Amino acid sequence: MKITQLRNATLIVHVGNRHILVDPMLAPKSALPPLRLLDGKRLRNPVVDLPSQTEAALKQVTHCLITHCQKGHFDHLDGYGKQWLRETQTPVICTPHDAAYLRKRGLHVQALPDAHTQPSAFLGGQIRTVRCTHGEGLVGRFMEHGVGYLIEMPGEPSLYLAGDTILTPRIRAFVTAHQPQVSVVPAGGARFDAGQDIIMGLGDVIAFTQLSTGTVVANHLEAISHCPVTRHDLRAAAQRAGVGDRLLVPEDGQTVDLQYALGTTHAQDSQVTTDTVCA
């Protein structure tokens with residue numbers, strides 16, 4: 001298994017001849033509206049361009065997986081992402097909640113059954129959903145909370161894609177019970193002009209990594225204007241907490257190669273594999 005971090009929450013999971021695009025935000029820099037209006041900057045989003053490897057990486061994609069996409073969550077599926085999925089007719093795997101919304105936009109939807117209590121079949125393995133809490137209090141009432149996914153494939157490490165969530169008792173209990181070998185968590189500490197964090201920030205990511213016995217990959221960083229956490233600060237915090245060897249913070253365009261046969265995990269240079277893609 002390899003994971004290519006593209007930008008923000010957009011990544012590609014490479015498993016054999018399957019290449020699963022997660023939450024595609026494909027807009028060029030500054031093409032989308034700001035998410036903070038009272039900070040004196042009003043930066044448009046995304047604040048960085050896609051990495052140069054994106055075009056080659058997208059040519060490999062065989063499937064797409066969506067954690068949430070409604071109520072204006074363009075940072076997980078924007079108009080550019082919808083257009084790409086529509087033009088390529090890439091199979092889009094999502095929850096029943098999002099299926100009708102995505103079909104109306106001309107996408108090739110393959111809705112999962114309710115996979116919260118029991119896992120469902122998924123590309124030769126299985127998948128289950130984990131409910132997210134995308135903020136609490138008044139802000140949380142207006143958010144689309146979505147799901148995370150636990151993916152288990154034969155001969156591969158178990159993979160937890162947390163989606164947009166803060167670290168809640170439910171997430172703590174899930175990680176303790178399942179102990180995924182690899183977890184991808186949002187780390188930007190996103191916050192609007194009012195209210196608390198709506199995804200994990202420094203403290204939550206460190207606490208999650210300490211709770212987990214596996215490798216944790218941090219994303220949702222340095223791409224959207226309401227995410228203040230930097231890669232530098234997160235790496236420094238991980239070193240201080242003694243979890244720097246298990247918390248990976250890839251750059252945009254970087255591929256993380258998960259080598260469990262040798263019991264090691266490391267981040268490669270920014271390379272995109274050139275395996276032949278099979279549907």
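Modeller: A salt bridge is a side-chain nitrogen of Lys or Arg within 4 Å of a carboxyl oxygen of Asp or Glu. This is a predicted model, in which local features need pLDDT of at least 70 and side-chain atom pairs count only at pLDDT 80 or more, while totals for chains, interfaces and linings use all residues. Residues are numbered from 1 along each chain as its sequence is written, and side-chain values use heavy atoms, leaving out hydrogens and water.

Colleague: How many salt bridges are there by this rule?

Modeller: Side chains of opposite charge can pair when their charged atoms come close. Applying the rule, the count is four.

Colleague: Is Arg231, which pairs with Glu222, buried or exposed?

Modeller: The closest N and O atoms of Glu222 and Arg231 are 2.7 Å apart. Buried means under 20% relative accessible area, exposed over 50%, and partly exposed in between (1.4 Å probe, protein chains only). Glu222, at 31%, is partly exposed. With a relative accessibility of 5%, Arg231 is buried.

Colleague: Arg231 also forms a salt bridge with Asp252; how many residues apart are they?

Modeller: Their closest N and O atoms lie 2.8 Å apart. Arg231 belongs to helix α7 (residues 231-241), whereas Asp252 is in the loop between β13 (247-248) and β14 (255-259). Helices (H or I, at least four residues) and strands (E, at least two) are DSSP runs, numbered from the N terminus.

Colleague: Which residue forms a salt bridge with Arg235?

Modeller: Arg235 lies in helix α7, and its partner is in the loop between β13 and β14. The N to O distance is 3.0 Å, and the partner is Glu251.
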